[in-house]
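Thanks for coming. I will walk through a few local features, one group at a time.

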Amino acid sequence: MDFQKFDGKSKDEVFRTLGCTEMGLSAAEARARQVRYGKNEISFHRAKSPLRMLLEEFTALFPLLLLASALLALLADYLSPGEGYDLIALALAGVVVLNALVSFLQNYKVEKLMISFLDYIPKHVALLRDGEKVLLDAKDVVPGDILFIQEGDKISADGIVVASNQLLVDESILTGESEPVTKSTLAECVNPSCRVFSGATVMKGNAHVVVVKTGRSTSIGAISQLSQAVHQDLTPMQKELQNFVRKITYLALGIGVVFFSVGYLIGNTFWTNLIFAIGIIVANVPEGLLPTVTLALTQASVRMSRRNAVIKHILSVETLGSTTVICADKTGTLTQNKLHVETLYLDWIEVAPGDRHAYERNPAAKTLTEIMALCNDAIASRADNNRIEFKGDPTETALAEFVEKIGGYEALRANFEALSSQPFDAELKYMSTTYRTQDGSQYMTVKGAPEVIIDRCVSVHTQGAVRKLARAEKNKLNAQAETYAADGLRVLALAYRVVRDSSADARDLVFVGLVTMVDPPRVEVPAAVAACKSAGIRIIVISGDKAETVTYIARKLGIVNQPRVIEGEELATMGTERLVAALQKEEVLFARIAPEQKLDIVDALKQMDEVVAVTGDGVNDAPALKRADIGVAMGLRGTDVAKEASDIILLDDNFATIIKAIEEGRAVYDNIKKFITYVLTSNVPEILPFIAYVLFPIPLPITVVQILSIDLITDILPAIGLGNEPPEADVMRRPPRHHNERLVSFKTFLRSYGIIGPAEAALSFMVFFIVLDTGGWGWGERLTAGVPLYGQAAGAFLATIILGQIGNVMACRTNRQSAVPYLARFNAWIWSGVTVEVLFIFAIIYLPIFHHFFTTSPLQVDIWLVMLIAPLVIFVIEELRKYLVRKGVNILSA
C-alpha cells in the first residue's frame, strides 16, 4: 500500500482506508492480516548450511584443476603400477581437501559472526489491540495496527503519525542525512513529515502511529531486497587466479602433447608416451600453490582481525589492495554522526570553540553560555566510566556538551529556578525558557532560526553592555548566518530578555550570538585521506545529505577544493555517458543521492575500469556495497543490511583501518606474486628429467616421490614465508596497479621457465652426471632403483634443486630492488623453511630408513662442495636480472 493513497486525507479517512479504528485492531483481525501480509520480518542474511559452504570450496577453478590432475595420475597408475602415480593422486586430493578445510573454517567463523549481527529490528513493541495497550513481538505487527513509539525506540514498521508530542526522528540510516527530522501529525500536514519509517530511531518525544507497511514492503525491506538482487562480480584476485590456472593448464597440456608427439616420432609405444605425457602434465601443476595462496590470504585476514576488520571472504584482502576509487558515505563513515559546536559568533567576532581562553575573554561569553545551558532540554546522566553523557535532541546535546567543557552544564543550571518553557515550534522556529535568577528577576532565554530571532531583537549584547541594534547590524547578522548556512553548517541564534511575567512573548530581545553546529569529521579521517592521495587512490563522497554540508565536510577533510557537486535530481537526468564524463573530472561530489543512484555511480566507475570500494553503514548504502568490487561496512553503527552486503566489516568504525587494509592488500598481492614466481621455478628441474629420460639413454634423474617432496614439503614453508613478508617501504607511495597488470604474466613465466628454472635444472643435471661419472656409470647403462649409485645420483639431483630453491627464496623477497639488504631481515617462516629444507636433505640422504621411499643413498663429502654453489649461483643470476630491470630492460621484469 503506497503512502500517496493517504495524501490529503483526514485521520478518519486514513483509518477507513486501512480498515481500522482509533481503538486498534482486534486480535482476530490481526491474525487474519498476518496471514494476508505475512510476518513483519526482513531476511538480512540468508544463512548457509555448513555442508553447502564446504562443498563450495571445491568448485573453484584451481581445486578443479588439481582434482583433474589427480584423476590423470590415477589413470597413469592404472596403466603403469608401482611408479608412484598413486601417491601423486593421493597428495593432490589431500591438498584440495586441506585447502577446502582451511578456507571453510575461516568463512564459517565469519558466517557465525554475521548471524550474531541480526538484532537490528526491535524484538518487542507496544501496540493497541482490542482497545488495550499490549506488548507484542515486533514480528506480529500488521498494517492497520496502532503503534506506540517513544524516545530511544527503533521504529518497527512504516506508518503515519496520528498523534505526537515533539517527535524527532533520526532517519540517517535510510536517507544519509545527518540531521534528525521533526515529525508532525496527519492533522497538521499532508506531506512526508507525518510519515515514519522502519529502522529509524526516535531521538525525542513520543507518538501514536498507524501502520501502513510491514516486512519486505517497508522502505528498509525494499532496499534490502534491492541489495540482494544486485549482481556481484568476481574479485580481481579471483580473475587473476582463473587467468593463472588457464595459463598453467595450457602450458601443461602443450608440453604434454609435444612430449607425446616427440616420443611417438622416436618410436616409443603409445602407452609409454601416454604415461610420460601424464607425468609431465601433472609435474607442471604446482600442487603446493593453492594452500600457500589460501594460507597467505587467511593470515592476512587474521592480521586484519587484530585491527578490528572482519574479512568476510579472504580474497577481499587483496581486492582492497587493488582499489583505485573509494566511494565514501559521509554520515557515520567520514563523520561522527553526532553534532558538535563548530563556530561561535559573539560581540561581532568569530571564536573557535576549542580556543577556551579567547572565548572566556569575550564580554558576551558568560551570557551566551547561560543561554546554551538554560534554553535546553538535554538530560545529563553519569555513565559507568563516570563521564557525563547527554540525551535528547542532537542540537541540544551538542550545546550541553560545550557548556559542560566550559564550566559544567548542571552546575550552571543549578543557579537558576525554572519557571516556564515553550518547546520548539516548527512554525514559530524558536524555543524559549524562563528562569528566576538569584536576585529575583525573571530571565527569558531564547534560541532558534537566525532569521526569526534576529528579527525579534531590538538590542545587542556587545562590549559588556546592552545597546540598541541598528537595521544595518541586523542585516550584517543575517548575512553572517547565511554565510554559515551556505557552508552546510546548522545555525542557531541565541538571545534573552528580562521579563516581569514568565508567560511573556519572545519579543524585544537582546541578541547575544550565533552558534554553528556540524556533524564533525572523525579524528582519524584527515590522515587517512592524505594516505589515500599519496597512494594514488581517489575518494568520492556520496551522501544523501544536502550539498552544502557534503561540500563543507569534503573540503575540511582535504578531499576536494573546488568540486562539482551533483545532486540526485540532476543525476536522474544524466545518462551513463554524461555521468562517466563527470566522474573523469578529478573533483566531484554527490549529494541528495537515492540508494539506486549509488548503484549507477558504482557501475559508471566500473565501466571506467576502476576498482571500486564503497564504504557505508546505512540501509541506503547496502545495494552499492554489494555492487562494488569491495564493500566496507561499519560494525558499531552499521545496519544488518549493510553488513550483509559488504565484504569487510570495520568493528570499530575507524575509517583509517581501510588504509591499513589497503596496505595489507597491496603487500598480499606483491607477496603472492613473489611466491608464485618462487614455486613455478622448481617446475623446470622437475619436468626436464622426464623429457631427458625419454629422449636419451639415461636413468630418470628424479622420481615422482621426490617431486612431491619438493612441492609439498620443502617449498611450502619458504612460500608461506614470502606470503608473510612485510610491505615494502614504498607500497603506499605508488599508484594502484593498472587493471591490465597480470598476477602471472609472460614475464613471470620467462623468469621462472626461461631464466631461474633452467639454471636450477642445469646445476642439478651437472651434479647428477658428476655423481654418475664418479661412480663408473657408462652412457646408455641401465640403473635400477635398488642400485646405490642411482640413489646417490637421484638424491644429489633432488638436493641440488632444494639448495637452488634456498637461493631462489632469498632472491624473491623483492620484486625489483636488490634482495641483499633483506638477507639480514628476519622472517621466521622463511628461515624455518630453510632449516626444514636442510634437515630434510640430510635426513633422506644419510638416514637408511628413508632411502627406499625417497630412492636415495649416502653422498660423498666432495660432491657437497659442488652442490653448495647452487644457492649462490641462483641468487646472483636473479640479482643480475633485477639489476638489468632497474636499468630499463623491461622484458626481464617478472
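**Salt bridges, cysteines, a helix and a patch**

I start with Glu22, which is partly exposed, with a relative accessible area of 48%. This is a predicted model, so please keep that in mind throughout. The side chain of Glu22 meets that of Lys11 in a salt bridge, at 3.6 Å from N to O. Glu22 sits in the loop between α1 (11-18) and α2 (27-37), while Lys11 belongs to helix α1, so the pair ties together parts that are 11 residues apart in sequence. Lys11 is also partly exposed, and its relative accessible area is 30%.

How many salt bridges does the structure hold? The count is 28. I will go through two further pairs and one network.

The next pair is Lys183 and Glu171, whose side chains form a salt bridge with an N to O distance of 2.9 Å. Here Lys183 is in the loop between β5 (181-182) and β6 (195-196), and Glu171 is in the loop between β4 (158-170) and α6 (172-175), so this contact ties together parts 12 residues apart in sequence. Are Lys183 and Glu171 buried or exposed? Both of them are buried.

The other pair is Glu878 with Arg751, a salt bridge at 3.3 Å, N to O. This one links distant parts of the chain, with Glu878 in helix α35 (residues 869-886) and Arg751 in helix α30 (residues 746-774), 127 residues apart. Glu878 is buried, and Arg751 is buried as well.

As for the network, salt bridges link Lys204, Glu396 and Lys447.

Take Cys20, which is in no disulfide: the nearest cysteine sulfur is that of Cys194, and it is 15 Å away. Cys20 is buried, with a relative accessible area of 9%. For Cys327, the closest cysteine sulfur is in Cys532, at 12 Å, which is too far for a bond. Cys327 also counts as buried, at 2% relative accessibility.

Helix α10 (residues 289-306) has 18 residues, and from its first C-alpha to its last it reaches 26 Å, close to the 26 Å expected at 1.5 Å a residue. Why can α10 be called largely enclosed by the rest of the structure? Because 13 of its 18 residues are buried. Just after α10 comes Asn308, which takes a positive phi of about 70 degrees.

Last, the surface. Which residues make the nonpolar patch of about 880 Å²? They are Val258, Val262, Tyr264, Leu265, Ile266, Leu695, Phe696 and Trp779. The element that gives the most to this patch is helix α8 (residues 236-265), with 4 residues. Leu695, one of the patch residues, is placed in helix α27 (residues 683-695). At 36% relative accessibility, Leu695 counts as partly exposed.

Key
Residues are numbered from 1 along each chain as its sequence is written. This is a predicted model: local features need pLDDT of at least 70, side-chain atom pairs count only at pLDDT 80 or more; totals for chains, interfaces and linings use all residues. Side-chain values use heavy atoms; hydrogens and water are left out. Patches are made of residues with over 30% relative accessible area and no salt bridge: like charges are joined within 9 Å, nonpolar side chains (Val, Leu, Ile, Met, Phe, Trp, Tyr) within 5 Å. Accessible areas come from the Shrake-Rupley method with a 1.4 Å probe; for residues, only the protein chains shown count as cover. A salt bridge is a side-chain nitrogen of Lys or Arg within 4 Å of a carboxyl oxygen of Asp or Glu. Helices (H or I, at least four residues) and strands (E, at least two) are DSSP runs, numbered from the N terminus. Buried means under 20% relative accessible area, exposed over 50%, partly exposed in between (1.4 Å probe, protein chains only). A disulfide is a pair of cysteine sulfur atoms within 2.5 Å. The expected span of a helix is 1.5 Å times one less than its number of residues.
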